[in-house]
Amino acid sequence: MGGGHHVTPGSEPKRDQDLQAIKDARIPLAWRDTCSHLLIHLNKCRRDTWWNPNKCDHDRHIYEECEYNAYLQRVEAKVQMDKIKE
């Protein structure tokens, strides 16, 4: 789909998450998805730098790319399901 999206290492969505670590990091339920493992590190960086927008760019980029990759996986799964239904 869409042609040639380069995946940055470490930005792949993971289904097997450390649920206790996510709970301990107090990630809200609405944000607990296949990229929560990256959100833990991003939020820690944000707290440590007093939410300075220039300090956590790499972590934010990796997290946002993970969310995009998860979106692409959902779209591809929907396309496959539509093919099966035909």
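Helices α2 and α3 are roughly antiparallel to each other, a label for angles over 145 degrees. Their axes cross at roughly 155° and come within 9 Å; axes here are lines fitted to C-alpha atoms over the stretch in contact, with angles running from 0 to 180 degrees between N-to-C directions. α2 covers residues 36-48 and α3 covers residues 57-85, a helix being a DSSP run (H or I) of at least four residues, numbered from the N terminus.

Keep in mind that this is a predicted model, where local features need pLDDT of at least 70 and side-chain atom pairs count only at pLDDT 80 or more. Residues are numbered from 1 along each chain, and side-chain values use heavy atoms, with hydrogens and water left out.

So who touches whom across the two helices? On the α2 side you'll find H37, L38, L39, H41, L42, C45 and R46, and they meet D59, R60, I62, Y63 and C66 in α3 (contact means heavy atoms within 4.5 Å).

Now look at T8, in the segment before α1 (19-24). T8 touches H61, I62 and E65, leaving aside residues up to four places away in sequence. T8 and H61 sit 53 residues apart in sequence, yet their C-alpha atoms are 9.5 Å apart in space.

Here are two side-chain pairs to find:

| Pair | Type | Distance |
|---|---|---|
| T8 and E65 | polar contact | 2.7 Å |
| K44 and D48 | salt bridge | 2.8 Å, N to O |

A polar contact is a pair of N or O atoms within 3.5 Å, one able to donate a hydrogen and the other to accept it. A salt bridge puts a side-chain nitrogen of Lys or Arg within 4 Å of a carboxyl oxygen of Asp or Glu, and the structure holds 4 of them. Being 4 residues apart in α2, K44 and D48 are separated by about one helical turn.

Definitions and conventions:
Parallel < 35°, antiparallel > 145°, perpendicular 65-115°, else oblique. Polar contact = N/O pair within 3.5 Å; in protein donor to acceptor, adjacent residues only side chain to side chain.
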